[in-house]
There are 2 protein chains.
Amino acid sequence: MAEENLSFDVYHPQPLLIVISGPTAVGKDAVIKLMFERKFPIHFVVTATNRPRRLTEVDGVDYIFVSTERFQEMIDNNELIEYSWVYNAYKGIPRNQVEHALSSGKDVILRIDTQGARKIRQIYPECVQIFLVAKSKEELEERIRKRGTEDEEEVRIRLATASEEIQCITNFDYIVVNENNHLERTVETILSIIDAEHHRVHPRRINL
Amino acid sequence: MAEENLSFDVYHPQPLLIVISGPTAVGKDAVIKLMFERKFPIHFVVTATNRPRRLTEVDGVDYIFVSTERFQEMIDNNELIEYSWVYNAYKGIPRNQVEHALSSGKDVILRIDTQGARKIRQIYPECVQIFLVAKSKEELEERIRKRGTEDEEEVRIRLATASEEIQCITNFDYIVVNENNHLERTVETILSIIDAEHHRVHPRRINL
């Protein structure tokens, strides 16, 4: 009989590639760090960069800090999924991290600026892209200043860039407001998104 | 300057219409009931039907039980968003419940069979449709029998119908396995989906 061929066993979720993006200082790193600390079973991609390390940063955890020469080599050897020149430094996504995790069935999360997010979408159309926004321009400005690492001209440039980046919002799947002092809520929302996406009917995400 | 016109205040989620569907006896009612008991801030649409009340059911809570004459009147007065004849009875979704809740900014959830879900999609294309499945044909059969309300022929018909309904899965947005003794987990997943959808970039769901 025909119905004998129709399986009830239809739910086979695939691992997800989750992209966290948004303007500078919106809190991408803080979000990823909190998820990492809570030991969520997900591979956190560590970005490679040739920019100097901040005193608070740990090599191999916050970024993979490499020389300009080594970064050039990574480009030449096709070791990076994408790379870009942002605020006077290169940043790139190591290919082996993403592919190894996905092929072992693990979700992958990576933080990237908005221009990088667009490139990731071209390479992995089925990725889940989340755009973080600050509650207001004032909150974002405050956070940029709090870092204490930028001069007035750089603050101005970063705010102007953030305003432009918000125009890209329709390229993203989700928008999450990362309000001051509500980092927990932001992470909860991101976890809901990941949970939901595992159940999403999508030809590339569930083997029907 | 151009960037002055670009607002950071981009997140204005709209209320959602959430549709819970799936084969007979998969647990739609149990899911909705648990959400209701937990007092989730959502409007639970009560379906109108002309079928007789089960002893365990409460009028106005489980269903709005009406006579065939009154059901005909609801159809004639365009009081139902959609209605259908399923397993020897009419079932219909009262329009006023859905429209009143949505216009007051409240999410709405309704349970409906798969043919009804297709009609709801036509009327509200932006609705979120969740398809519940049993873990296996055996689990579904067990649940149909447990109800103790159907004879062998009806069990056979319902199982065959369920097999056919699973073919509709690609019309849905999400698929959730409602495993025996894991109702809590099913509800958690549905809540994640609702949370995620409130953040989804969708022209009809967030005013950008």
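Trainee: Why is strand 1 (residues 17-21) of chain A called largely enclosed by the rest of the structure?

Mentor: Happy to walk through that one, bearing in mind that this is a predicted model. A residue counts as buried if 20 or more other C-beta atoms lie within 10 Å of its own. Five of the five residues of strand 1 of chain A are buried, so the strand is largely enclosed.

Trainee: What makes both faces of strand 1 of chain A covered?

Mentor: Leu17(A), Val19(A) and Ser21(A) lie on one side, Ile18(A) and Ile20(A) on the other, and all are buried.

Trainee: How do you know that strand 1 of chain A and strand 7 of chain A pair?

Mentor: Pairing needs at least two bridges. Strand 1 and strand 7 (residues 108-111) of chain A have four, in the parallel sense, so by that cut-off they pair. Ile18(A) has Ile109(A) as its bridge partner in strand 7 of chain A. Strand 1 of chain A also pairs with strand 8 (residues 128-133) of chain A, in the parallel sense over four bridges, and there Ile18(A) stands opposite Val128(A).

Trainee: Why are helix 1 of chain B and helix 7 of chain B called roughly perpendicular?

Mentor: Helix 1 (residues 28-37) and helix 7 (residues 183-198) of chain B pack at an angle of about 75°, with their axes 10 Å apart. Angles of 65 to 115 degrees count as roughly perpendicular, so these two helices are roughly perpendicular to each other.

Trainee: Which residues make that contact?

Mentor: Ala30(B), Val31(B), Leu34(B) and Met35(B) come from helix 1 of chain B, and Leu183(B), Thr186(B), Val187(B) and Ile190(B) from helix 7 of chain B. By class, seven are nonpolar, one is polar and none is charged.

Conventions:
Residues are numbered from 1 along each chain as its sequence is written. Chains are lettered from A and ligands numbered from 1 in the order in which they are written. This is a predicted model: local features need pLDDT of at least 70, side-chain atom pairs count only at pLDDT 80 or more; totals for chains, interfaces and linings use all residues. Axes are lines fitted to C-alpha atoms, for helices over the stretch in contact, and angles run from 0 to 180 degrees between N-to-C directions. Angles under 35 degrees count as roughly parallel, over 145 as roughly antiparallel, 65 to 115 as roughly perpendicular and the rest as oblique. Two residues are in contact if their C-beta atoms, placed from the backbone, lie within 7 Å. Ala, Val, Leu, Ile, Met, Phe, Trp, Tyr, Cys and Pro count as nonpolar, Asp, Glu, Lys and Arg as charged, and the others, Gly among them, as polar. A residue is buried if 20 or more other C-beta atoms lie within 10 Å of its own, exposed if 12 or fewer, and partly exposed in between; C-beta atoms are placed from the backbone.
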